[in-house]
Amino acid sequence: MRKVISVIAMLLGAAALVVGIGQKTFWAPPETVTAAMPQFEGKAPLTLIESSVNSEKLAPVELVITGEGEFTASLGRSYDVEAWVGKTAHAAVTGIDTENHQMQANYVEGDATAPDPKNADIFFDSQTAQGTMTYRWTAPDSGGWSLLLAAGGKDAAPVDISVTYANDEAMPFALPLIIAGSLLLVFGLALLVMRTAKPGADAPATAKSTTQNSVAAVAVLALAVSGAALPMAPSEDASPSPTQNATDSASPSATDQASGSAEQSASDEPESSAFPVVTEEQLTRILGDVQKQIGNADEKRDAKLLESRAAGAFKYIRSSRYDILNDDIKVAKPLTLNTSVVRSAAVPNTSDASFPRVITVVTAKDSDAETLPQALTLVQATARDNYQVIFAEQMLPGASFPGIAVGDPSIKQLDANAKGLQQTPKDALKALADVLTNEKSKSKDKFAESEFIKAIHAGQKTESQNANEAKVKYARTVTEGDTRVVSTPDGGAIVTGKLNQRAVFERTEDADPLEGTDELTKKLLGKASSTGDVEINYAEPVMFYLPAEGSEDKIQLIAAEVVLLNVKEVK
């Protein structure tokens with residue numbers, strides 16, 4: 001009877017093992033599965049693949065995209081991509097039905113065309129393909145990322161998309177079958193061995209030993225087949241090593257408690273939702289193109305070439321300088337921008353960075369400490385616009401700029417009326433205008449000592465003394481639309497703005513004619529002297545550090561320049 005039972009047990013065990021191992025091997029489901037897009041009747045210039053498609057549960061995700069002709073896949077942060085899409089008609093791919101292996105998508109009506117998103121600043125990366133693209137989705141940073149497909153913005157974007165991802169389907173009975181089959185084999189073989197050996201009280205020790213060894217061998221074999229592992233047992237006279245002692249001293253409960261505490265600590269730590277408006281890679285790419293485009297405009301002295309990368313005061317001042325140079329008037333050329341090395345970058349996080357967005361950076365041509373760096377402020381007007389320079393000047397000797405790394409979550413974008421500072425940026429600009437105009441200004445003690453301020457005062461004094469009996473009146477105003485503010489880690493702020501200086505030379509009827517003091521003034525005036533009043537207009541782009549409220553530090557000029565714009569007779 002035991003023999004029959006042992007044979008039945010071994011047959012059942014073998015069958016269970018074959019089925020269990022088969023489910024893990026030749027009957028196992030494929031390692032990856034593919035989901036396809038539903039069919040769309042309408043066509044749209046954009047296809048938006050949302051971050052939910054790149055689920056961590058499905059990673060790694062691989063997309064095969066097929067389109068007619070050339071198309072572009074652009075990756076960006078989800079909220080930036082959505083802002084770029086705006087009201088444009090698009091196919092929105094929202095997720096994957098993993099049970100039916102079908103992509104979830106819908107059609108969103110809107111505008112029939114859009115700009116070409118290829119290489120737009122707001123995207124981290126753009127890849128172009130002809131006909132077919134295999135895109136392995138890898139997020140460059142934490143947070144949500146979305147993929148935007150477009151065929152130039154006018155033609156229909158690709159909607160023939162399939163997604164391949166790891167198959168999470170499992171054979172739930174595979175392991176139980178392997179274990180059960182192993183146990184049945186052990187049981188059957190044990191019965192068979194005991195039946196043959198017939199060990200008893202009078203049986204020789206060798207028979208008992210053979211039986212035990214046979215059962216142990218069968219057990220190890222079965223467990224090995226099932227994938228389980230047994231630790232090697234030490235010999236009876238072997239003493240534990242120091243490593244073993246250390247391991248044994250940590251009880252399972254203590255280990256579990258430590259593991260649980262670590263997991264709880266990790267889960268309790270809040271996930272940061274503040275991400276920089278551009279990554280370091282994006283900033284490097286943007287600054288490289290800024291240098292290229294503005295350098296090209298400088299070389300050709302063509303204001304139209306500034307439009308892609310210049311705006312506001314910077315564009316106005318540079319265009320005016322081109323006009324003067326093109327009139328063959330000898331004047332210093334505009335500052336050549338060099339963005340090869342980024343020394344510091346105040347890049348706001350996205351929590352408060354609504355459009356227009358502002359970035360302030362300090363760059364240089366190399367890392368040499370003796371190289372005088374340049375301070376730049378760039379603005380992105382809308383999601384579809386690229387960053388444009390509104391300020392670029394060499395830093396003043398002795399000035400300093402806070403060392404800030406791209407991605408510092410404390411950096412925020414502020415407005416001209418921001419609180420929490422020694423005064424609002426708007427009021428600070430007005431105070432600076434008064435200090436530059438009036439050497440005895442009540443606000444002079446709010447500003448740190450500056451060679452620029454001293455030079456302005458000295459120049460105005462000399463100009464007044466050489467005015468041929470004319471009275472010189474100076475006045476400065478602030479161009480409020482050019483004021484941009486970015487916070488610093490210590491609670492202060494970097495303020496960029498433009499002052500407009502107007503110097504009016506008023507002469508009496510019996511005073512000598514006003515004489516031009518240099519060739520530039522004479523050429524701009526159109527003659528060497530004037531018997532009437534003369535007005536000279538300057539632009540004064542400035543950047544300064546504004547300390548936090550309660551700080552004992554003073555406002556410090558970082559960069560500034562005086563640019564002659566025009567000279568005209570007003571009477």
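Author: A term to begin with: buried means under 20% relative accessible area, exposed over 50%, and partly exposed in between (1.4 Å probe, protein chains only). Asp 289 is partly exposed, with a relative accessible area of 26%.

Reader: What kind of model is this, and what are the cut-offs?

Author: The model is predicted: local features need pLDDT of at least 70, side-chain atom pairs count only at pLDDT 80 or more, and totals for chains, interfaces and linings use all residues. Residues are numbered from 1 along each chain as its sequence is written, and side-chain values use heavy atoms, with hydrogens and water left out.

Reader: How many salt bridges does the structure hold?

Author: There are 13 salt bridges. The criterion is a side-chain nitrogen of Lys or Arg within 4 Å of a carboxyl oxygen of Asp or Glu.

Reader: Which residue does Arg 309 form a salt bridge with?

Author: Asp 289, with the closest N and O atoms 2.9 Å apart. Arg 309 sits in the loop between helix H7 (280-300) and helix H8 (312-326) and Asp 289 in helix H7, so the pair ties together parts that are 20 residues apart in sequence. Helices (H or I, at least four residues) and strands (E, at least two) are DSSP runs, numbered from the N terminus.

Reader: Is Arg 309 buried or exposed?

Author: Buried, at 4% relative accessibility.

Reader: And Arg 502, what's the partner there?

Author: Glu 535, the closest N and O atoms being 3.5 Å apart. Arg 502 belongs to strand S16 (residues 493-506) and Glu 535 to strand S19 (residues 534-546), so this pair ties together parts 33 residues apart in sequence. Arg 502 is partly exposed at 39%, while Glu 535 is buried at 11%.

Reader: Which residues do shared partners join into one network?

Author: Asp 121, Asp 289 and Arg 309.

Reader: New topic. What volume does the largest cavity have?

Author: About 40 Å³. On a 1 Å grid over the protein atoms alone, a cavity is a set of points where a 1.4 Å probe fits but cannot get out; a pocket is an open set with protein on both sides within 12 Å along at least five of seven lines; lining residues have an atom within 4 Å of a point. A volume is the space filled by probe spheres set on the points.

Reader: What lines the largest cavity?

Author: Among them are Arg 77, Asp 80, Trp 145 and Gln 282.

Reader: And the second largest pocket, how much space lies in it?

Author: About 330 Å³. Of its 19 lining residues, the closest to the centre are Glu 68, Ala 156, Ala 157, Pro 158 and Val 159. Strand S3 (residues 61-77) gives the most to that lining, with five residues.
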